[in-house]
Amino acid sequence: MAWGLPKLPGLAFADPTKTQYHIRSSLRYYQGHRFPDTVIRGPGGTATDVDSNAFALPEDSVNYDPSLTYGRVKQPALPAVVPHWVHYDKRCLNFTAFFKQPVYDNPNENYRVRVVNIVYFLEDDTLTVMEPRVKNSGLWQGRLVKRGKIPKNDLGDCWHWKDLDVGKDICIYGKVFHTVSCDFFTKEWLESQGLELSKEEDLPVDAFAQKERWKAVRPPQKTKSHDDRLRRYLEYDGKVLTFDVVWDDRESENGDLREYKLLYFLEDDTIAVKELHDGRGGKDPFPLLLKKTKLPKKWTEKPVSFPSTVMETTDAEVTEYYAPMDLIVGQTIFVLGRRFLLSDCDNFTRNYYKTMLNIDQPTRIEVHHETTKEFPKSLPPHIGIGSPEDTLQSCFGLLPKPPHKDIIKYNLNANKYLRYLCELDWIHPEDYGRRFVLAYSLADGTVKIGEIPRRNSGIREGKFLKPMRLQMPDSDPNFPTYFTPDKFYIGAIVPVFKHRFKIIGCDLYVYRYMSANPEKFPPEVIDNVRNYHMREGNLKDELKQAISNEQAAETRAQLAKIGQAAVAEPNAMERCLMALDVVEGSATPPRPPTPPMTTNLISYDDSLRVTRQSKPTCEEIQPLRGILRSGTAREDHQKVVCFSGPAADEHREHRDRPDYLSGQQPQFDDSDDFCVKQKDPGSKEREERRARDECPYQIMPSAQLVNGTGEESADSPQLPGYLGSYGVDCKQIPEYMRLSSDAYEKVKKLRRDVPEISPAATRVSHYPHIPETAMESCLNPPPQASGPCAPLKEEDVAFACSHIDPIKPCCEPDKRKT
């Protein structure tokens with residue numbers, strides 16, 4: 001290049017002698033080793049501008065040749081500038097870093113640690129990330145980030161060597177690399193530039209890789225003991241030292257003073273701790289607290305690097321194990337961190353210590369237990385899985401057992417069903433005429449429903465409901481009550497999963513079962529089913545048998561009356577009883593006391609319990625007229641009297657007491673004069689007579705007594721009151737027949753304390769009351785050929801209007817068919 005020409009376009013000439021343009025290597029090899037080349041050459045191996053004569057200094061007389069120049073320069077030329085990319089060629093900053101890669105769907109490995117090298121090229125300020133290749137790693141390793149200028153933020157700034165440091169997080173394309181160290185050249189170069197590096201860190205440990213590495217390490221082998229195990233086994237087999245130990249764990253939460261059995265096996269010097277379970281329960285039924293093992297007593301001091309999660313100790317860590325010399329009554333031992341007190345031992349242990357070790361074991365140490373107050377356990381609500389009985393069984397143990405079944409009831413009533421004919425309480429016209437058979441199993445209380453097939457009905461008949469227990473509509477979901485046979489009668493509505501079924505018929509076996517078990521059913525239900533079968537003409541044989549039995553009973557009663565009249569004349573007491581309409585009979589046994597209830601019917605299960613507990617004294621009792629033979633006395637009948645002859649109705653006292661219809665009784669309120677309002681008009685007069693010690697009974701004498709001789713009455717002493725003329729003293733009446741002064745207050749308090757049956761029953765009571773049908777419509781029902789509204793026949797027996805019975809009124813017109 002000509003230095004004398006100005007640097008203008010067209011005045012530059014190429015050097016024809018230059019044929020090579022490569023850059024000379026900065027290293028040279030000498031005897032197989034690399035050394036830096038101190039000689040600097042230009043492209044193609046030519047000399048640089050610094051080495052030419054044009055840049056020679058005046059002091060250099062060797063290279064100075066004034067003849068080769070046009071003259072001395074006025075000032076020495078500046079040295080040539082070495083390019084940046086030449087000066088920092090192959091000079092890189094190397095940082096060691098790592099990043100954690102998450103591992104999904106692997107229970108053994110949650111993340112893996114990957115070590116990388118961050119290489120920064122000084123010649124062009126580029127950056128790359130390289131991961132060293134590991135043999136058989138299964139990972140794609142090598143260059144992770146392509147070499148280039150990496151952006152540092154959204155403002156367009158790139159990573160520079162001034163931003164690099166040890167212990168710094170470097171985010172490259174969303175992945176964070178944490179630097180831990182650098183090489184020696186990087187440290188010196190950055191310190192020469194005035195940057196002080198942070199302290200180096202250690203690479204994190206990859207748990208999975210360390211676990212796999214420990215698998216290849218061979219475990220240490222134990223040295224064999226010189227003890228003859230066979231001889232020791234033969235000598236001490238079955239010989240066990242037994243101690244009573246106590247663990248005081250009352251300092252911890254829910255801890256208490258617990259008793260255990262410590263067993264020391266002489267055959268191999270092992271110890272086992274056995275659980276002692278009491279009757280209170282509350283703990284899991286584990287047999288052993290500590291299985292048979294050698295119990296360490298002293299350990300060697302563990303190094304700091306020893307992992308704290310290691311539970312198995314070897315002979316290398318244990319200095320001494322517990323021996324029989326350490327087990328003395330009254331001393332304390334440590335069982336893997338638990339503090340146990342030796343309180344007593346058995347006779348074999350005492351004899352062993354006396355004969356073999358010459359040690360007398362101390363006497364028993366009494367341990368006093370604190371008695372804690374037990375609180376009633378509340379049952380949790382139903383969780384919605386399975387039946388409520390299954391949820392209740394889970395409260396009685398850790399492993400719930402299936403609910404208990406009455407096997408005796410199942411065997412006695414196997415394959416016995418009560419079948420009822422039902423119809424769907426239809427809303428849609430296509431449901432009209434559908435008939436179903438409801439079968440109640442007496443063995444397990446399940447109900448199944450099947451539809452009777454019809455020709456060309458368009459509905460798939462067959463099984464409608466599989467066998468299951470039906471809950472009552474108003475029952476508590478957590479403690480439900482189920483349908484029982486006493487809830488099924490003609491006209492009853494049975495809700496089944498938002499479907500309403502109306503019972504319109506039943507088998508004759510249902511009535512025979514009710515007649516054989518009258519204590520399980522209310523009298524109204526038995527009468528309802530009996531009237532249905534009488535209308536259908538299914539009870540002709542039963543009616544004949546009942547009439548013959550009644551005639552035979554009347555004949556026997558008349559013969560007994562004739563025989564008694566022939567034996568002796570009635571005395572004054574018998575005549576008084578005859579005036580009170582009591583003739584040769586006895587009252588029925590009093591019913592067992594029952595708590596106040598909101599209904600006059602008892603449940604099916606309560607009837608079974610009352611039947612087993614009650615022992616009637618009069619079995620062959622002829623009930624009064626108007627009380628059915630098929631059941632017991634109802635709530636509105638105060639007393640049932642056994643009769644052998646006709647009653648004298650003409651001498652019965654008539655009182656003006658109001659007769660309330662069903663559902664129209666006065667409701668109780670908290671007013672102080674409620675009981676006074678409910679008294680009959682003659683109560684005040686009877687109280688005044690009772691205060692004057694006069695007999696409160698007013699009995700009209702019968703014709704038999706008026707026409708009698710009266711010889712016996714003349715001889716009898718004069719007693720106060722009207723009955724005194726007949727030899728009856730009112731003061732001799734038992735106290736239990738008299739009303740106390742606070743009787744009305746007791747009744748008032750008793751009615752205040754009526755408990756609520758269930759929250760569901762309370763909600764039902766708040767429903768709007770539907771007025772009942774007028775009584776005139778029941779007295780004149782519409783004519784109907786068959787069904788519950790059919791007119792009564794001669795063979796039907798009815799003692800009360802069906803309006804009073806707890807069923808749907810029979811006179812409700814069914815107009816939905818039109």
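How many bridges join β3 to strand β8, and in which direction do the two strands run? Four bridges join them, and the strands run antiparallel.

**Before selecting.** This is a predicted model, in which local features need pLDDT of at least 70 and side-chain atom pairs count only at pLDDT 80 or more, while totals for chains, interfaces and linings use all residues. Residues are numbered from 1 along each chain as its sequence is written, and side-chain values use heavy atoms, with hydrogens and water left out.

**Whole protein.** Display the entire protein: it has 19 helices and 22 strands. Helices (H or I, at least four residues) and strands (E, at least two) are DSSP runs, numbered from the N terminus. Of the 818 residues, 25% count as buried; buried means under 20% relative accessible area, exposed over 50%, and partly exposed in between (1.4 Å probe, protein chains only). The accessible surface comes to about 59,900 Å², and 54% of that belongs to carbon and sulfur atoms. Such areas come from the Shrake-Rupley method with a 1.4 Å probe; for residues, only the protein chains shown count as cover.

Select residues 92-102, which form β3, together with residues 111-121, which form β4. These strands run antiparallel and are joined by 11 bridges; two strands pair if DSSP finds at least two bridges between them. Cys92 has Phe121 in β4 as its bridge partner.

**His178.** Centre the view on His178, a residue of strand β8. His178 is buried, at a relative accessible area of 18%. Its side chain makes a polar contact with the side chain of Glu201 at 2.9 Å. A polar contact is a pair of N or O atoms within 3.5 Å; within protein, one must be able to donate a hydrogen and the other to accept it, and residues adjacent in sequence count only if both atoms are side-chain atoms. Leaving aside neighbours within four places in sequence, His178 is in contact (heavy atoms within 4.5 Å) with residues including Thr96, Ala97, Gly167 and Asp169.

The whole structure contains 28 salt bridges, each being a side-chain nitrogen of Lys or Arg within 4 Å of a carboxyl oxygen of Asp or Glu.

- Select Asp124 and Arg147, whose closest N and O atoms are 3.2 Å apart in a salt bridge. Asp124 lies in the loop between β4 and β5 and Arg147 in strand β6, so the pair ties together parts that are 23 residues apart in sequence. Asp124 is partly exposed at 31% relative accessibility, and Arg147 is partly exposed at 34%.
- Move to Arg469 and Glu389, joined by a salt bridge of 3.8 Å, N to O. This pair links distant parts of the chain, 80 residues apart: Arg469 is in the loop between β20 and β21, and Glu389 is in helix α6.
- Continue to Arg512 and Glu542, which form a salt bridge with the closest N and O atoms 2.6 Å apart. Arg512 belongs to helix α8 and Glu542 to helix α10, 30 residues apart.

**Final stop.** Select Ile23, Val82, Trp85 and Val86, a nonpolar surface patch with about 360 Å² of accessible area together. Patches are made of residues with over 30% relative accessible area and no salt bridge: like charges are joined within 9 Å, nonpolar side chains (Val, Leu, Ile, Met, Phe, Trp, Tyr) within 5 Å. Ile23 lies in the segment before β1 and is partly exposed, at 48% relative accessible area.
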